[in-house]
Amino acid sequence: MAFISHLGQRSFSTSVVRLAIKNVIVIGGGLMGSGIAQVAAQTGHGVVLHDVSNDILQKSVASINKSLGRIAKKKFAEKPQDGEKFVAETMARLKTESNPEKAVNEADIVVEAVVENLALKHKLFSVLDKAAPSHALFATNTSSLSVGEIASVTKRQDRFGGLHFFNPVPVMKLLEVVRIPETSDESYKALLDFGRALGKTVVEAKDTPGFIVNRLLVPYMMEAIRLLERGDASAKDIDTAMKLGCGYPMGPLELGDYVGLDTCKFIIDGWHKKFPDNPLFKPSLLLDEMIADGQFGIKSGQGFYTYKK
């Protein structure tokens, strides 16, 4: 990419060295946040996991410890003592903090992983921008909102980007690294290097709706819903066709149930509001009716298929 070539002789400058990431602050103790914190701690980074709820933080730590135990059991099957050491050393690099200003005061990078609410993210980053060191990079794990719009409330847009992880974070290898126009070459290189240091395969994306994966995936799932809505094929036949015809491990309607139909609706409604003339972002009446009836997919026990809770 052209922007990498621009680094040229600057690649070993003191400013790049200064962006070496050692202290990682993860904002949000939910499923994604705890997964990001785990992977960062596993790869030798000092990690502070922040959430306003101490109960959530305690559950997150317990979940991370359990996940590490599973990894150790598999990775160190022949040497259980090494597995115990791996878990202990990783957990020793993980701390928690319920005060956001305290959490970020020694940050090299702050990774936000809270709910997809732009107003909440704006409020959060406004606070963090004042408290974090000036050199600290900011990143959002958003999967559907504009990284640039999230960054707009900060005074460090040149040090801001998107790091879109996939669930479950310790298992999924992909990381979308998203650049906004204001992101500096140095900052973007540091984000890419950080992703690789976490053991992820990084792909570079611009700040467009859904980046790469969701820009392809969400319209694909929505078109499957429209097929069903029109009565062109049954849910089972749509999923069977894509699994056997394209070699996909899961059909689009099964995938929608797994992701959460409420999440699919939230994303497509947001894109449609912003880009009303794009036919790919057209909402579905069937999906709207299912959400109104509390059919969210696996999480509710009912979606396009019925699941035992």
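What is the volume of the second largest pocket in this structure? Before I answer, please note that the model before us is predicted. The second largest pocket has a volume of about 410 Å³. Its lining comprises 20 residues, and those closest to its centre are S144, L145, S146, G270 and K274. Helix α13, residues 261-274, contributes the most to that lining, with seven residues.

Eight strands make up an open sheet with mixed pairing, and their order is β3-β2-β1-β4-β5-β6-β7-β8. The edges are held by β3 (94-97) and β8 (201-206); each has a single partner strand, so one side of each is left without a neighbour in the sheet. From one strand to the next, the twist averages 25°.

Consider now some of the individual pairings. Strand β1, residues 23-27, runs parallel to strand β2, residues 46-50, and five bridges connect them. Within this pair, V24 stands opposite V47 of β2. Further along, β5 (residues 137-140) and β6 are also parallel, joined by three bridges. There, A139 faces G161 in β6. On the other hand, β6 pairs with β7, residues 174-179, in the antiparallel sense, over five bridges, and F165 is found opposite L175 in β7.

Which residues lie on the two sides of β6, and are they buried or exposed? On one side are F160, G162 and H164, on the other G161, L163 and F165, and all are buried. Thus six of the six residues of this strand, 160-165, are buried.

Helix α9, residues 185-197, lies across β1, β4, β5, β6, β7 and β8, and runs at about 175° to β7.

I come next to the interior. In soluble globular proteins, nonpolar side chains tend to be buried together. Here the largest nonpolar core has 37 residues, and those with the most contacts inside it are V24, V47, I109, L163, F165, V177 and F194. Helix α3, residues 31-42, supplies the largest share of this core, six residues. A second, separate core of 22 residues includes A132, A136, F138 and V147.

Which residues does I109 touch, leaving aside its neighbours within four places in sequence? The contacts are I21, N23, V24, I25, L137, L163, L191 and F194.

I close with a single loop residue. S143 lies in the loop between β5 and α8, the latter spanning 147-151. Why does S143 count as buried? Its relative accessibility is 17%, and the cut-off for buried is under 20%. Setting aside neighbours within four places in sequence, S143 is in contact with E116, H164, G210, F211 and N214. One of these, H164, belongs to the buried residues of β6 already described.

Methods
Residues numbered from 1 in each chain as written. Predicted model: local features only at pLDDT ≥ 70, side-chain atom pairs only at ≥ 80, totals over all residues. Heavy atoms only, no water. Core = buried A, V, L, I, M, F, W, Y, C linked by side-chain atoms within 4.5 Å. Buried < 20%, exposed > 50% of the residue type's maximum accessible area, 1.4 Å probe, protein only. Helix = DSSP H or I, 4+ residues; strand = E, 2+ residues; numbered from the N terminus. Contact = heavy atoms within 4.5 Å. Pairing = 2+ DSSP bridges. Axes fitted to C-alpha atoms, helices over the stretch in contact; angles between N-to-C directions. 1 Å grid on protein atoms, 1.4 Å probe; cavity = no way out; pocket = protein on both sides within 12 Å on 5 of 7 lines; lining within 4 Å. Points joined across faces, edges and corners; volume = space filled by probe spheres on them.
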